[in-house]
Amino acid sequence: MHEPSPHRQLDAHTQLAGVLGYPVRHSLSPAMHNAALRALGLNWVYLAFEVPPETLPQAIAGMRGLRIQGLNLTIPHKEAVIPLLDHLTDAAQQMGAVNTLFWEGERLVGDNTDAEGFLRALHEAGIEPAGQTVLILGAGGAARAVAYALHKQECRLWIANRTPERAAVLAQAFQATPIAMTPDALRPLIPQLDGIVNCTSLGMTPNTDSSPPMDWEALPDTAWACDLVYRPLHTRFLQDAQKRGIRTIDGLGMLIHQGALALERWTGQPAPMAVMRQAAMQALVSEGKNQ
Ligand code: NAP
């Protein structure tokens, strides 16, 4: 059961933003953004739109026609939206994926705030990754954003993925080294690592017992481990890292920061980070209770 949203005054001035996805009903973005918009005192509302791939062109035409102020895009639209836009930021162009749409005058611009959101989450945890040696586990959309971000930070990158061909393609795009995702292949690398990022969906609900292969004992004491999975927040990957005394960063930081960056593009105002974090946490807790 879903709680009804708190009453809000909507009128002829209310501006609209939202997220397009398929599926989209699991998204934490409406809770996070509506809390932020309320805290900023803005007469805006943020909705989730379930848009199947075949009607994405109509949805974007609708955004233009209705002059919707801003949209986020999630799976499966991040790449398919590109030919429907007027311009891409450098980040979106280099990642080949868009998660935020905003207006620049009459131009509809595609941006990608995932990479910057990831870096901000690391910085918030006191980690400065510039020049570090980092292993990225996974080669999907999230791994691409992380590889882009860490490549810009001049990290020495290694990429391991279940499907090695995808690791090879991603590695080539960001001057990284592909490596097999097996304990044997990873063994000599692990003692050299400063950080490790799980960008696979291993450990995500309902498969909470799964985790990428990792010899935690061989990881240096000073290393850090980040998991992009945030359902659950304390994944097995992070629990194992913590047992070994390794610094950990959960997936909520990136989620909040990528949302905050999008909100700032749309409103021109600094995002209320604490409000967004609390709203996202509350939404996660209440979905746990409703399962
Ligand atoms: P994706 O594009 O579908 O990629 C999934 C990745 O997981 C691929 O590398 C895939 O390997 C790997 N994988 C899936 N099942 C596996 C298994 N059983 N064994 C080994 N590897 C497996 O998804 P994505 O968008 O990159 O998202 C990945 C995770 O990051 C999800 O849990 C998502 O919720 C999370 N995420 C978090 C944030 C955040 O803000 N915190 C942002 C984006 C994504 P193959 O290539 O071999 O299929």
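## Aromatic pairs and a helix contact

Author: Hi! The count comes to three aromatic pairs, where rings of Phe, Tyr and Trp (its six-membered ring) pair if their centres lie within 6.5 Å. This is a predicted model, in which local features need pLDDT of at least 70, side-chain atom pairs count only at pLDDT 80 or more, and totals for chains, interfaces and linings use all residues. Residues are numbered from 1 along each chain as its sequence is written, and side-chain values use heavy atoms, with hydrogens and water left out.

Reader: Nice. What sort of pair do Tyr46 and Trp266 form?

Author: A tilted one, with 6.1 Å centre to centre and 40° between the planes. Planes under 30 degrees apart count as stacked, over 60 as edge-to-face and the rest as tilted.

Reader: And where do Tyr46 and Trp266 sit in the chain?

Author: Tyr46 is in strand β2 (residues 44-50) and Trp266 in helix α9 (residues 252-267), so this pair links distant parts of the chain, 220 residues apart. Helices (H or I, at least four residues) and strands (E, at least two) are DSSP runs, numbered from the N terminus.

Reader: Are Tyr46 and Trp266 buried or exposed?

Author: Both Tyr46 and Trp266 are buried. Buried means under 20% relative accessible area, exposed over 50%, and partly exposed in between (1.4 Å probe, protein chains only).

Reader: Why is the pair of Trp216 and Phe237 edge-to-face?

Author: Because the planes of Trp216 and Phe237 stand at 65°, with the ring centres 5.1 Å apart. Trp216 lies in the loop between β10 (195-198) and β11 (224-227) and Phe237 in helix α8 (residues 236-243), so the pair ties together parts 21 residues apart in sequence. Trp216 is buried at a relative accessible area of 9%, and Phe237 is buried at 1%.

Reader: Switching to helices: how do α1 and α10 pack?

Author: Helix α1 (residues 29-39) and helix α10 (residues 273-289) pack at an angle of about 145°, with axes 8 Å apart. Axes are lines fitted to C-alpha atoms, for helices over the stretch in contact, and angles run from 0 to 180 degrees between N-to-C directions.

Reader: Which residues make that contact?

Author: From α1 there are Ala31, Met32, His33, Ala35, Ala36 and Ala39, and from α10 Val275, Met276, Ala279, Ala280 and Ala283. Contact means heavy atoms within 4.5 Å.

Reader: One more: what does Leu88 touch?

Author: Leaving aside neighbours within four places in sequence, Leu88 is in contact with Ile82, Gln93, Val98 and Gly110. Leu88 lies in strand β4 (residues 87-88) and is buried, with a relative accessible area of 15%.
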